[in-house]
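Morning, everyone. Please take a look at the structure on the screen, and then we'll walk through it.

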Amino acid sequence: FSGCKKSRNDPAPGNSDSYLPVTSGTTWTYIDATSGSSETSTIKMTGSTATFNGKTYYSMTQVSASQGTKNGYYYAANNSYALRAYTPAAGGLVLEIQMGNDKEAVGYSWTTTPTDDGEIEGVPARTVNTIKEKGISKTVNGKKYNDVIHTQVSLQYDFGGYEEYALYDIYLAKGIGMIETDTSIPGGYLETQTLKSYTIK
């Protein structure tokens with residue numbers, strides 16, 4: 001997180017129109033499930049911001065029993081949403097993962113780099129992001145959410161040709177934020193993060 005400039009009280013996008021509310025004090029509690037185990041984690045917006053590569057991100061903390069407290073950042077501007085944080089599926093590195101775009105149509109695809117230098121542990125990497133569904137309804141932990149965007153993110157490494165290393169299916173509900181993320185990597189690792197409760201400030 002080098003080159004980070006922090007400030008406070010930057011205006012956040014309006015919550016009712018956003019697929020990722022980032023106002024101070026907003027919290028989400030998730031059930032994080034992997035093979036044979038599950039725990040809860042809580043994400044809370046801190047009210048501060050940070051600048052990376054000329055873009056403003058909103059700071060958050062994520063707390064769980066197994067990982068303790070981790071810091072991360074959400075980007076929510078220009079119809080785009082992204083997460084910049086510690087990512088267990090990529091060896092515990094800090095990656096930026098695209099979460100959605102509320103302007104583009106189903107089938108829209110865009111390619112981004114998950115790190116500032118375009119590499120992960122010296123290997124060129126990219127993410128290929130595709131909007132799979134928009135305006136859908138999805139039930140998570142017994143609650144139905146409407147106006148949901150489903151984005152699929154393929155994390156790929158270049159070993160003489162790009163190969164998929166991890167696949168993320170991310171669901172954002174308008175006015176609420178992330179309601180589910182499903183992560184899979186070769187070898188059978190699978191993590192599902194589903195929304196249990198939330199408070200939007």
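His150 sits in strand β11, residues 143–158. Strands here are DSSP runs of E, at least two residues long, numbered from the N terminus. This is a predicted model: local features need pLDDT of at least 70, side-chain atom pairs count only at pLDDT 80 or more, and totals for chains, interfaces and linings use all residues. Residues are numbered from 1 along each chain as its sequence is written, and side-chain values use heavy atoms, with hydrogens and water left out.

Is His150 buried or exposed? His150 is buried, because its relative accessible area is 7%. Buried means under 20%, exposed over 50%, partly exposed in between, with a 1.4 Å probe and protein chains only.

Who surrounds it? His150 touches residues including Thr130, Ile136 and Tyr171, not counting residues up to four places away in sequence. Touching means heavy atoms within 4.5 Å.

Now the polar contacts. The His150 side chain makes one with the side chain of Glu133, at 2.8 Å. It makes another with the side chain of Asp169, at 2.7 Å. A polar contact is a pair of N or O atoms within 3.5 Å; within protein, one must be able to donate a hydrogen and the other to accept it, and residues adjacent in sequence count only if both atoms are side-chain atoms.

Next, strand β2, residues 27–34. β2 runs antiparallel to β3, residues 37–52, with 8 bridges. Strands pair if DSSP finds at least two bridges between them. In the hairpin turn, Gly36 has a positive phi of about 85 degrees. β2 also pairs antiparallel with β14, over 7 bridges. There, Ile31 partners Thr194.

Terms used: Helices (H or I, at least four residues) and strands (E, at least two) are DSSP runs, numbered from the N terminus.
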